[in-house]
Amino acid sequence: MSVTARLGGAALFVAAVAATAALVQFAVVLLVPVVAAHDAYARLAELGPPGTTAPLPRAGPDERRFAWGDPALAASFCRFDLSAGPMRVKAPVGRAGFASLSFHTRRGAIFYALTDRAATHGRIEAVIVTPAQLRVLVAHDDEDDPSQDLRVVSPTAQGFVIMRAFSELSSLYGAAADEVKAMACATEPPPP
Amino acid sequence: MVVKALAAGAIGLALGVAVSGSILADPPFGVVTIGAWRVAAKAGSLEADPYTRAALARSGEIPLALGEGLKLVARVDSAGRPLDRRCLYRVGTHTPAARYWTLSLTDADGYPVENAAGRYGFRSSEILREGDGGFSVYVSALAHSGNWLPVGHVQTFALALRLYDTPLAASAGGIEKSSVPTIERESCA
């Protein structure tokens, strides 16, 4: 075997290794969100049933479920499943300090968010619907007296809502925690 | 020939898995660098790239929406040197505009680090400020006067700056380098 043939063989081998590695890492990256058994939704599922509000544990050295949590923020969540009907979320926001709602798909991506700047009468309120439910609701809207609901279309039937409240001081964390606990999530009857 | 092909396949597989692991620990795409800080503004959105999505699915992080705020993470100082627990850092003196901000210290995975003072971060609403409204946070393993953020007992750590309700959210790429806090290494043991 000549030197060139040997070199050619070695180059081919390296190229095969690199090509396989590139394919494998791309496949892993694409598959992780689909097969991840422990994504945010799954971690939330351990903390509360769908359709009810449950507090998120406060970020701290001993709480290792949700990376990059801020100990200054109190948070709560409710999971939704729109197959039984739209979900209405009401969150009171009466405190000094920032508060917000974020709406996430089953895979965790955010499809909508609201802050306390959008509050009316001291609360933020929204109805999460599927595209099909929205069509039916719009068709039934009274033209002279349209619904005042803020309708948010979820790309997935399942998902979750997070409410966050900022505590201006450590001693005010309890008040922020009380505020997020008061978020109400209720499934509405499916539109006719 | 077959043996060689199988060997190439096996090495490629192992290499691919190893590379995925390290990429997902700190995904390099969709990230903007501003001074010492890195921000993945679109991390939580429906338009996030596959690498960022996979990293989120794996870490269990619940990201902030753009309308809620931005999270900036620093793993290096303003000169680009990795943060070192043997050193004293001064972080300040101002932040980009936001209704509130917090500056906290985490381990490499984003969790607060146990320390005797029970101090994991500072809020804009509680921090001691200088006469001109600026602030300095001292990051070190040894106690320091003023706003001291203890490093605790970890070898590697990161700093997280969160800007809540900030007008910058829509254009993370447009944050001026001069508007973010600097991380100056003052001295090292």
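Colleague: How far apart do the C-alpha centres of domain 1 and domain 2 of chain A lie?
Modeller: They lie 45 Å apart. This is a predicted model, where local features need pLDDT of at least 70, side-chain atom pairs count only at pLDDT 80 or more, and totals for chains, interfaces and linings use all residues. Residues are numbered from 1 along each chain as its sequence is written, while chains are lettered from A and ligands numbered from 1 in the order in which they are written.

Colleague: What makes these domains, and where do they run?
Modeller: Their bounds come from an automatic or database domain assignment. For chain A, it gives 1–35 as domain 1 and 40–187 as domain 2.

Colleague: Why is A:Trp68 called buried?
Modeller: Buried takes 20 or more other C-beta atoms within 10 Å of the residue's own; exposed means 12 or fewer, partly exposed in between, with C-beta atoms placed from the backbone. A:Trp68 has 23 within 10 Å, so it is buried.

Colleague: And what makes B:Asp165 buried?
Modeller: B:Asp165 has 20 C-beta neighbours inside 10 Å, so it counts as buried. Its place is the loop between β9 (157–164) and β10 (182–188) of chain B. Phi of B:Asp165 is positive, near 55°.

Colleague: Where is A:Trp68, and what is its phi?
Modeller: A:Trp68 is in the loop between β1 (54–55) and β2 (73–81) of chain A. Its phi is near 60°. Most residues other than glycine have a negative phi.

Colleague: How do you know that the bond from B:Gly92 to B:Thr93 is cis?
Modeller: Its omega is near 0°. B:Thr93 is in strand β4 (residues 87–93) of chain B; strands are DSSP runs of E, at least two residues, numbered from the N terminus.

How values were computed: Helix = DSSP H or I, 4+ residues; strand = E, 2+ residues; numbered from the N terminus.
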